[in-house]
Amino acid sequence: MIQAIAFYFFATIVVGAAVMTIMSKNPVHSVLWLIMAFFNAAGLMVLVGAEFIAMLLVIVYVGAVAVLFLFVVMMLDIDFAAMRAGFSRNAPLGLAVAAVLLAELLLAAGAYSAGGIQLGTPDGSAVQAVEVSNIEALGALLYGRYILLFEIAGIILLVAMIGAIVLTFQAPKPGARARQDVDKQTRRRPEDATVMKNPEIGQGVDL
Amino acid sequence: MTAFFQSLGLSYEWAWSIATVAAIVIVALLVMFSVAMVIYVDRKVIGAVSMRRGPNVVGPFGLLQSFADGLKVFLQETIIPTAANKGIFLLAPIITFTVALAAWAVIPFWDGGVIANINVGLLYILAISSLSVYGVVMSGWASNSKYPFFSAMRAAAQMISYEVSIGFVLVCVVLFAGTFNMSGIVYAQQGFGLGVINAYVVHPLLFPMWVVFFISSLAETARAPFDLTEAESELVAGYQTEYSSMSFALFWLGEYANILLMCSLNTLLFWGGWLPPIDWAPLYLVPGIVWFLLKTFMFFLMFSWIWATVPRYRYDQLMRLGWKVFLPMSLLFVAATSGWLMATGHFDRAPAFVPDPAAVPPAFVDTTPAQPEAARAKS
């Protein structure tokens with residue numbers, strides 16, 4: 001009963017927020033609706049018992065990716081009229097994408113109602129559901145059977161990160177302001193920076 | 001508490017729902033009351049440090065000052081700027097406040113004194129605290145005013161930066177405890193230091209991590225010396241410049257609820273939570289919640305002491321500390337901790353800390369264990 005209420009609650013909000021994401025006129029509102037959809041999708045994950053995935057969804061997508069997204073969208077200077085002017089030109093492409101997505105949805109629904117596929121294991125035995133928590137099950141798979149793939153993925157991400165840094169790094173130009181040396185700044189004492197002078201009246205200070 | 005409502009003749013599901021709602025209300029009210037008292041303490045400490053009396057007019061020793069302020073704020077007019085984005089402008093303080101309260105769901109106040117004893121408790125806190133940035137960013141944007149917007153940008157960058165190093169610090173703790181469950185982490189600290197001290201912080205690998213965590217929690221809650229989001233000399237009052245009345249008060253309460261949450265996380269993750277400092281039988285006669293509150297209060301005093309003492313950081317210094325000092329350091333310590341634990345055979349000894357169900361007193365709100373067989377079969 002409560003599970004059903006919770007499911008329909010989260011599901012309605014996900015669908016509603018997804019619709020509002022594409023319907024709302026202000027891009028910032030769109031991003032906020034998208035975040036709403038993410039968050040409620042995490043609620044659905046909790047309902048099916050995948051609490052680890054749910055938390056990761058919130059931490060990674062809501063907490064990091066969507067914040068950066070919001071960040072960028074908030075600072076965009078968009079001319080809404082110019083944006084809508086392209087509507088009729090892009091409509092056929094959009095309709096084509098929509099048709100493909102709809103067909104896929106129908107296919108997926110049809111396949112689902114036809115019955116689940118039998119997942120095979122190398123020795124031919126059926127997949128067993130085990131009574132361990134999400135984290136342990138995922139950890140055992142990621143750091144056990146798929147350790148090589150997992151580490152390759154990690155290396156690829158590291159390379160991508162280094163690539164982004166290399167592309168945006170600018171060596172300080174000669175003649176530009178010196179870079180900050182924090183240790184030097186904190187070591188600086190009043191005696192190094194100031195001089196006490198006691199000039200005679202009408203004498204001025206010799207620097 | 002579920003059992004109590006079940007004894008009134010309700011079915012398990014309804015008894016559970018009512019018990020949960022009751023527990024949420026109790027915890028929320030108590031957190032709000034603590035926030036009011038803690039604001040008073042904060043002002044008293046600041047007063048003492050700057051050789052003033054602090055609040056001393058309303059009630060005995062000024063104890064009712066926060067309630068008087070609350071009443072005043074409640075009676076003020078709510079002003080919404082005409083250029084503001086009205087919906088988001090009003091939603092932002094609500095989000096800040098709700099998120100600050102929601103994180104308390106997994107905090108164990110004493111052995112079993114927790115609303116939701118879920119096994120991803122620590123991740124839940126990370127998830128919820130990563131949401132708190134939205135209240136600030138939305139308020140800054142919706143105010144349609146440049147200083148709040150600058151403040152929101154600063155807050156977003158600051159919170160994301162420090163969440164990264166907090167995440168790695170938590171990995172170290174989780175490696176030692178072998179669980180994400182908050183109660184499990186506290187159980188694992190029993191007799192941790194030489195068999196007598198109930199705290200993780202005594203370990204040479206975890207003490208530096210605690211220092212990083214403590215400083216990061218100052219930055220995460222935008223407390224001095226990292227209160228650049230509210231740097232009044234640069235940004236008026238930061239993201240809350242355009243807010244008035246209750247919408248301002250919600251930010252204020254949410255901020256202090258977050259500070260208390262961070263203090264209690266310091267307590268739970270590094271200082272033994274509800275356990276007495278030393279694993280000695282007579283000390284267990286003192287109820288666990290007393291130890292928990294004492295430790296949390298100690299951390300709050302450190303927060304206000306730092307506020308009163310340390311000058312504000314510059315923004316580039318803040319970013320440097322987060323990304324160039326804390327991040328490499330915590331990464332190094334994650335590697336060192338896991339290496340140390342592998343070398344000493346920690347993972348062979350304790351696969352994962354699982355408290356014996358019979359030994360654990362029933363939770364504040366019983367979750368699955370008390371569920372009758374029939375209901376379990378149905379779900």
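Biologist: What area do chain A and chain B bury between them?

Modeller: Start with the general idea. The size of an interface is often expressed as the accessible area lost when the parts come together. Remember that this is a predicted model. Here, chain A and chain B bury about 2500 Å² between them. Carbon and sulfur atoms account for 76% of that area.

Biologist: How many residues of each chain are in contact?

Modeller: Chain A puts 28 residues in contact with 28 residues of chain B. On the chain A side, look at Ile2(A), Met55(A) and Met74(A). Together they supply 21% of the area that chain A buries against chain B, more than any other three residues.

Biologist: What ipTM does the predictor give the complex?

Modeller: The ipTM is 0.76, and the pTM is 0.80.

Biologist: Now the chains themselves. What is the mean pLDDT of chain B?

Modeller: Where pLDDT is low, predicted coordinates should not be read in detail. Chain B has a mean pLDDT of 82, with 91% of its residues at 70 or more. Over residues 366-379 of chain B, though, the pLDDT is below 50. That stretch has 13 contacts in the model beyond near neighbours in sequence.

Biologist: Which elements of chain A have the lowest and highest mean pLDDT?

Modeller: Helix α4 (residues 80-85) of chain A is lowest, at 65. Helix α7 (residues 147-168) of chain A is highest, at 92. Chain A as a whole averages 81, and 85% of its residues score at least 70.

Biologist: How is chain B divided into domains?

Modeller: Domain 1 covers 1-67 and domain 2 covers 76-362. Their C-alpha centres lie 19 Å apart. The contact takes 16 residues from domain 1 of chain B and 18 from domain 2 of chain B. In domain 1 of chain B, Met32(B), Val38(B) and Asp42(B) lose the most area to domain 2 of chain B.

Biologist: At what angle do α5(B) and α6(B) pack?

Modeller: Angles over 145 degrees count as roughly antiparallel. Helix α5 (residues 121-142) of chain B packs on helix α6 (residues 146-177) of chain B at about 175°, with axes 8 Å apart. The pair α5(B) and α6(B) is therefore roughly antiparallel. The residues of their contact divide into 15 nonpolar, four polar and one charged.

Technical notes: Residues are numbered from 1 along each chain as its sequence is written. Chains are lettered from A and ligands numbered from 1 in the order in which they are written. This is a predicted model: local features need pLDDT of at least 70, side-chain atom pairs count only at pLDDT 80 or more; totals for chains, interfaces and linings use all residues. Side-chain values use heavy atoms; hydrogens and water are left out. pLDDT is the predictor's confidence in each residue, from 0 to 100. Contact means heavy atoms within 4.5 Å. Axes are lines fitted to C-alpha atoms, for helices over the stretch in contact, and angles run from 0 to 180 degrees between N-to-C directions. Helices (H or I, at least four residues) and strands (E, at least two) are DSSP runs, numbered from the N terminus. Angles under 35 degrees count as roughly parallel, over 145 as roughly antiparallel, 65 to 115 as roughly perpendicular and the rest as oblique. Ala, Val, Leu, Ile, Met, Phe, Trp, Tyr, Cys and Pro count as nonpolar, Asp, Glu, Lys and Arg as charged, and the others, Gly among them, as polar. Domain bounds come from an automatic or database domain assignment. Buried area is the accessible area (1.4 Å probe) that two parts lose on being put together, summed over both.
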